[in-house]
Amino acid sequence: MKKLSSKGQKWLKSLHIYSGCVWVGCATTLTIMQFFVNPEDGSELYGILYTLDFIDLFILVPGAIGTLLTALVYSIWTNWGWFKHNWITVKWIICIFGIAFGTFWLGPWLSDMAHIAKDQGLKALSDPEYLSNRQNLIIFGTSQALTVVFAAFISTLKPWRKKRQAK
């Protein structure tokens, strides 16, 4: 298959870095914000959670999808390949798992918290579902954020040797 030109690879790298930055930045922001939410009334709680949900759905998700799509282009139209290096394999696992976990668990937990806050105001802070979702986001959202930060570092460091060629 035809490979991207040098100029095309530079554009691809720029888009991949930008998408990754958006994903990492949003994941970090969403994680940090959870530790500093101390609303004084129900409207403030809902506003904060609605904003976090907006960031998740309309900024983080496109960043994650952009990272996935540019990684696909890298794998198909450059010499990096799909699993040519162990660090690429690790990045694929992080990317696929991160998108799936965010789609089916993290995102819905955050959206549910915003809906509960809208309906209950500050009473949401004692709602069992809200508290469970909050605890899950603190534990698993923090883990997810650290994992995508790790992926960014291995993109630069490129650790582990190239996989051995089959003889």
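**Notebook: aromatic cluster and helix packing**

I looked up the aromatic rings and found that Phe97, Phe101, Phe104, Trp105, Trp109 and Phe140 form one aromatic cluster, where rings of Phe, Tyr and Trp (its six-membered ring) pair if their centres lie within 6.5 Å. My search of the whole structure returned 10 aromatic pairs.

I note that the model is predicted, that local features need pLDDT of at least 70 and side-chain atom pairs pLDDT 80 or more, while totals for chains, interfaces and linings use all residues. Residues are numbered from 1 along each chain as its sequence is written, and side-chain values use heavy atoms, with hydrogens and water left out.

H3 has 35 residues and spans 48 Å from first to last C-alpha, close to the expected 51 Å, which is 1.5 Å times one less than the number of residues. I found a kink of about 50° in H3, centred on glycine 102, the bend being the angle between axes fitted to the seven residues ending there and the seven starting there. Glycine 121 follows H3 and has a positive phi, near 65°.

Finally I looked up the packing of helix H1 (residues 6–34) against helix H2 (residues 42–77), whose axes come within 8 Å and cross at roughly 150°, on a scale from 0 to 180 degrees between N-to-C directions. That makes H1 roughly antiparallel to H2, a label for angles over 145 degrees.

How values were computed:
Helices (H or I, at least four residues) and strands (E, at least two) are DSSP runs, numbered from the N terminus. Angles under 35 degrees count as roughly parallel, over 145 as roughly antiparallel, 65 to 115 as roughly perpendicular and the rest as oblique. Rings of Phe, Tyr and Trp (its six-membered ring) pair if their centres lie within 6.5 Å; planes under 30 degrees apart count as stacked, over 60 as edge-to-face and the rest as tilted.
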